[in-house]
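Colleague: Could we go through this structure together? I would like to begin with a single residue.
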There are 2 protein chains.
Amino acid sequence: METTSRYVLLCVMICLGVHVIGAEKVLIVPSAVSGSHWFPLASVGQALAARGHDVTTVVSQDIVAKRRAERPNLRFVSFDDQGSFARIENLAGQMSEISKQSMFRIFQHTQEAFQYIFQHCDLLLGDGDLMGRLKQGRFQVVVTEPFMCPCGAIVAAYLGVPHVALLRGDPWGFDGRATGVPRPPSYVPSIISPFTDRMTLKERVRNTVMSFAVTMVFQWFLAGANNNLVIKYLGEKETLLGVVGKTDVWLYRIDVLLGLPAPTMPNMVNVGGINAREASPLPEDLELFMQSSGPAGVVVVSFGSQAKTISLERAEVMAAAFSRLRQKVVWRYVGEKPVGLGNNTKLMSWLPQNDLLGHPKTRAFVTHAGSNGLYEALYHGVPVVCTPLAGDQPGNAARAVSKGLGVILDFHTLTSETMYQGITQVITGNSYRETAARLSRLHRDQPQPPMERAVWWIEHVIKHGGLPHLRARAVDLPWYQYYLLDVTAFLLAVCTAVLGTVWYSCSFICRKMCCKSGGKLKSQ
Amino acid sequence: METTSRYVLLCVMICLGVHVIGAEKVLIVPSAVSGSHWFPLASVGQALAARGHDVTTVVSQDIVAKRRAERPNLRFVSFDDQGSFARIENLAGQMSEISKQSMFRIFQHTQEAFQYIFQHCDLLLGDGDLMGRLKQGRFQVVVTEPFMCPCGAIVAAYLGVPHVALLRGDPWGFDGRATGVPRPPSYVPSIISPFTDRMTLKERVRNTVMSFAVTMVFQWFLAGANNNLVIKYLGEKETLLGVVGKTDVWLYRIDVLLGLPAPTMPNMVNVGGINAREASPLPEDLELFMQSSGPAGVVVVSFGSQAKTISLERAEVMAAAFSRLRQKVVWRYVGEKPVGLGNNTKLMSWLPQNDLLGHPKTRAFVTHAGSNGLYEALYHGVPVVCTPLAGDQPGNAARAVSKGLGVILDFHTLTSETMYQGITQVITGNSYRETAARLSRLHRDQPQPPMERAVWWIEHVIKHGGLPHLRARAVDLPWYQYYLLDVTAFLLAVCTAVLGTVWYSCSFICRKMCCKSGGKLKSQ
């Protein structure tokens, strides 16, 4: 009887068009760039899998074994990307060295990385066997990280299913074009600028030029190659904007607390702090080390995936600073052990970062100001010492510091003394701890935690088969219509015609009258 | 022991700065305009009271007895507004007649209403005894409806407490200035325009001119009077933008499904559909009437608070149309009974509109396209026949129709035949019913129902003592900085200087060379 009534209910729901969310098939297409671009996407995949969905992730065959071991509850399919993933990893590993060099060298480095990113995508889309299997897989949604290449959006369009993007932001700014969101450079800093929303005239000039220049440079680097991929795999009639502009939801790994109040669109959802969570217990030896710090507490040091790129010279400077601290130090470090390492410092090749930041003994976090680490610090209310290097890090650091969460130091010029002073300042200055605690309370007080929100939106997309009603008309408008140039031209033409007619009429009447009076004068 | 541990917990929470939400004191300042501006605010007040908060509402003494009877769980305090509330009610009641007349008459009518709106606010703020009692009341938040006059924002600033605004939209567009949200007229229609986001060149021209003209006209009507109120009660140093721009959260009674995808800001929250809810059982006689309609069903007719302003001639046209329907009709109607009223039509001076729209026998809703009614129709998935009159109604209707929810008819020129055809079309055309059902499913699928969301945000404001971190820097920027005129001027000056120097240097060198060669030629 119960089975019958369930069946009847199901029939009624299907008749009413209600899509019942059960074990849906989700395809994840990560960016070809790993590290902080991969972890949040993998976490979303795991959260979806934990909700009972069948989650498949496409990765290079060079990394598939490692990924399977790390994330056993995700299904992986792989393709031969001819080593491009490994080459991008290698180039990303040189970042801290490259960031010191000339602009030309940085460009060269970036362009080389782009070539491998496109090769990676091209080989994925070109793998007929894999794409055929994906087509047969009848996925309900494709979730992607679109860093520099909208490979996932092209896959979604190819499979004809809705698309959700998860990203920190798009240095190219193409997400702005694809969502239609306005970002006035007068107070919205470029993602790669070191500014906040309070800029001097000089900074506004720099931000405006930077926003424009970055768009132009990336347009030159990326637009053609991305467009070629679209045309090659979706046909001549498709365009890059047409494909990326159909993204159903953009999940941004930002929060206004560490971002800035700026315009947003209905299909843009903030999920900043998606990776932060309550701290789990630490391994026994680490817990013992934390407890051994006494009331002075512990400083956590991590430069994220750039850890391996730090030179011994920079490491010595930092080791010397840490050795002077009253606190104990846990430092994520790979490479030759610095000579000046203090007894208070523990080196580890990998850190349970979230659990360490959530530990009651933790007093400060020395970080490269990557987005994931900063949001973990925000969640746990830990003051930060930022040593940003490149990408979004200078801006992340500037905004965190402007909110009173910590201080900023220049990685390349920092000395043992400035590092020591910086750490001491954020630990002993009460304002940093209080601000961090206040911001943490604000950040935690949300109707849905960020991960729950991300999962909710992905399931919302699945349930309704896409959300085209959230897509702004701005995306389709040509630029001259968006900026009202046609309206201005029309109004100017009307004004000119009216004024011209009035002027012509007046001068005609005047001339007539002058002629008459002239004639009269003559006749007189 | 339990008491002690509770006390310790409370002390810990207070030390941690956690504000515990209990019975907080909420002050509600409604708009001087009643009807659809009052109901949603009153519902929010009731929801807050149901959550255990102590809710006080400030109203004119002319209406306080009626309000107390309607909403027994709200506390009311009153002041003598010298009949201005009643006069505004009277002017609003003439709307359908006035909307047919000349632009000058509409202006005159509107200006008269504004005078009473300002008088109402002036008398509230000028009531020293009342304001003193409110100051002593130690409210945690002021919730207001800011239609045309930010009286509640001034009260909040006077009391020094956070402020939440609940509104459909601001015809003046001053909310745009106070939040910093961009609204490009190329695809964001003015709130009083009859357009959607798909406009022809002619419509874009009209929308641009309309957006600009309305802002200018209202600026002329309102800015001075509102500014005077600010200066009179808050001091010479305060400005209108300074006060209204400090609003912590703007709760908009819109949803992208009946609005349009357009830019929004972090302190703007959509709560469209706040008044819609599951249908309650109807009174017995009305339920019998509904059931007597058989499979043909019922058409619900309501023109909201404009019901009393419909002329007998228009009523006769409609009565004749309704009498031809296979359906039964429930019509909210006050005034002389039309001669041509059919046996199938039941007149009522008040309708349980939400419960009727949620009744399984309801087939269509004939409405003036007021925002509250349309959201109830959306919630219950009922197709609509819109006969908009003025204000936001033409735009509401146009957008509902563009989504496929129904048809639109001109109130002043409609005939019995067009009304009959309109109703028949939305009932017999499957697409309207299906679209209404699809939109209803989408609208209901939200992480929080709109009312819960509104209450959550008000409590969030209370808990953190205001949310200044959501306020965009755009609000403080002078217009020439916002629109980058200073940056443009600087860049132009630099370009001119560089080009000028190059030009001058080149011409100098050329001249020198010419002189030399000229000298050589001469000497030759």
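Colleague: Is A:Trp331 buried or exposed?
Modeller: In this predicted model, A:Trp331 counts as buried because its relative accessibility is 0% (buried is under 20% relative accessible area, exposed over 50%, partly exposed in between, with a 1.4 Å probe and protein chains only).

Colleague: How are residues numbered, and what confidence do the features need?
Modeller: Residues count from 1 along each chain as its sequence is written, and chains are lettered from A in the order in which they are written. Local features need pLDDT of at least 70, side-chain atom pairs count only at pLDDT 80 or more, totals for chains, interfaces and linings use all residues, and side-chain values use heavy atoms, with hydrogens and water left out.

Colleague: Where is A:Trp331 found?
Modeller: A:Trp331 lies in strand S9 (residues 328-332) of chain A; strands are DSSP runs of E with at least two residues, numbered from the N terminus.

Colleague: Which strand order does the sheet have?
Modeller: The open sheet of six strands in chain A runs S10-S9-S8-S11-S12-S13, with parallel pairing (two strands pair if DSSP finds at least two bridges between them). S10 (345-348) and S13 (406-408) of chain A stand at the edges with a single partner strand each, so one side of each has no neighbour in the sheet.

Colleague: How many bridges join S9(A) to S10(A)?
Modeller: Four bridges join these parallel strands. A:Val330 has A:Lys346 in S10(A) as its bridge partner.

Colleague: Which residue is 16 places from A:Trp331 in sequence and 4.9 Å away in space?
Modeller: That is A:Leu347, by the C-alpha to C-alpha distance.
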